[in-house]
Each structure stands twice: as C-alpha cells, then as structure tokens.
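This briefing is meant for someone meeting the structure for the first time.

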Amino acid sequence: MDAEAILERIDRLETRCPKLGHQVAFSYCRQESGGLPCARTLACWQPRFPVELVLRRTVTEADWNRIFVEPPKSRIDALLDAIDRATGSGP
Ligand code: SF4
C-alpha cells in the first residue's frame, strides 16, 4: 500500500469534534482552516494514530509553526485584525 492509499484510509477515520459537537472525518480536520489543519488536530487525533507524521508530509514548516507552535491570538486581537483588514488600516 503506497502513502497516498494510506492517507485515503486515514482521511476516512472519524472522531467527535469538540467544536462542532458531531462526527467529522480526519480529511475535514486536516483542511479545516482554509485548507490547513485545525489547530486542535494534534490533540484530537494523537490518541488514534501518529498524526504528526501524517501532517508533516502535507504542511510546510512555516504553516506548521503558525498553526501548532505560535500562541493563538486572543479574541480581541483577532477582532482588531479583522477590523484592520476590513478598513484597510492594517500593516
Ligand atoms: S481537529 Fe478541530 S475540527 Fe477536527 S475534531 Fe478536533 S476540533 Fe474538531
């Protein structure tokens, strides 16, 4: 079985999403954030399989660091960023 076939099988695994409150497939989790993984993917899936090994094949180092290493923005910071983008006053 090649890597793509293994990923297809893993993509079909399901778990209960704590954010949505219903079952979701791994294929959803690894693309949930605009095509990139949900920030909770490691925590949600690590008990089921070595999810980091899978994601390291599909996520760039820069995206990995932004998603899993850098601290998440507070709601206020995220709101201010959204306002800046909407008004064109951001950096
Ligand atoms: S990784 Fe994100 S989208 Fe997937 S089950 Fe966990 S919280 Fe839900």
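Glu52 lies in helix 4, and in this predicted model the residue counts as partly exposed because 14 other C-beta atoms lie within 10 Å of its own, a number between the 12 or fewer of an exposed residue and the 20 or more of a buried one. Between Glu52 and Asp63, which are 11 residues apart along the chain, the C-alpha atoms are separated by 13 Å.

**The nonpolar core**

- The largest nonpolar core consists of 6 residues, namely Phe26, Cys29, Trp45, Val51, Val54 and Leu55.
- Two elements give two or more residues to this core, and they are helix 2, which covers residues 26–29, and helix 4, which covers residues 51–56.
- Of the elements, helix 4 gives the most to this core, with 3 residues.
- Phe26, a member of this core, touches Ile10, Asp11, Leu13 and Trp45 when residues up to four places away in sequence are not counted.

**Around the ligand**

- The residues that surround the ligand are Thr15, Cys17, Pro18, Lys19, Leu20, Val24, Cys29, Glu32, Cys38, Arg40, Thr41 and Cys44.
- Sorted by class, this shell around the ligand holds 7 nonpolar, 2 polar and 3 charged residues.
- Cys29 is listed among the residues surrounding the ligand, and Cys29 is also listed in the largest nonpolar core.

- Leaving aside residues up to four places away in sequence, Arg16 touches His22 and Gln23.
- Lys19 is found in the loop that runs between strand 1, residues 14–16, and strand 2, residues 23–25.
- Lys19, which is one of the residues surrounding the ligand, counts as exposed because it has 10 C-beta neighbours inside 10 Å.
- The C-alpha atoms of Lys19 and Gln46 are separated by 17 Å, and the two residues are 27 residues apart along the chain.

**Helix 6 and its end**

- Helix 6 covers residues 75–87, and its 13 residues reach 18 Å from the first C-alpha to the last, which is close to the 18 Å expected at 1.5 Å a residue.
- This helix is hardly covered, since the count of buried residues among its 13 residues is 0.
- Just after helix 6 comes Gly88, which takes a positive phi of about 75 degrees.

**The protein as a whole**

- The protein has 6 helices and 2 strands, and these elements follow the pattern α-β-β-α-α-α-α-α when read along the sequence.
- The radius of gyration of the protein is 16 Å, whereas a compact globule of 91 residues would have one near 12 Å.
- Taken along the principal axes, the box that the C-alpha atoms of the protein fill is roughly 50 × 30 × 20 Å.
- Of the 91 residues in the protein, buried residues make up 10%.
- Among the contacts in the protein with a separation of 6 or more, 33% are accounted for by residues 24 or more positions apart.

Terms used:
Residues are numbered from 1 along each chain as its sequence is written. This is a predicted model: local features need pLDDT of at least 70, side-chain atom pairs count only at pLDDT 80 or more; totals for chains, interfaces and linings use all residues. A residue is near a molecule or strand if its C-beta atom, placed from the backbone, lies within 6 Å of it. Ala, Val, Leu, Ile, Met, Phe, Trp, Tyr, Cys and Pro count as nonpolar, Asp, Glu, Lys and Arg as charged, and the others, Gly among them, as polar. A nonpolar core is a set of buried Ala, Val, Leu, Ile, Met, Phe, Trp, Tyr and Cys residues joined through C-beta atoms within 7 Å. Helices (H or I, at least four residues) and strands (E, at least two) are DSSP runs, numbered from the N terminus. Two residues are in contact if their C-beta atoms, placed from the backbone, lie within 7 Å. The radius of gyration is taken over C-alpha atoms; the globule rule is 2.2 Å times the number of residues to the power 0.38. The expected span of a helix is 1.5 Å times one less than its number of residues.
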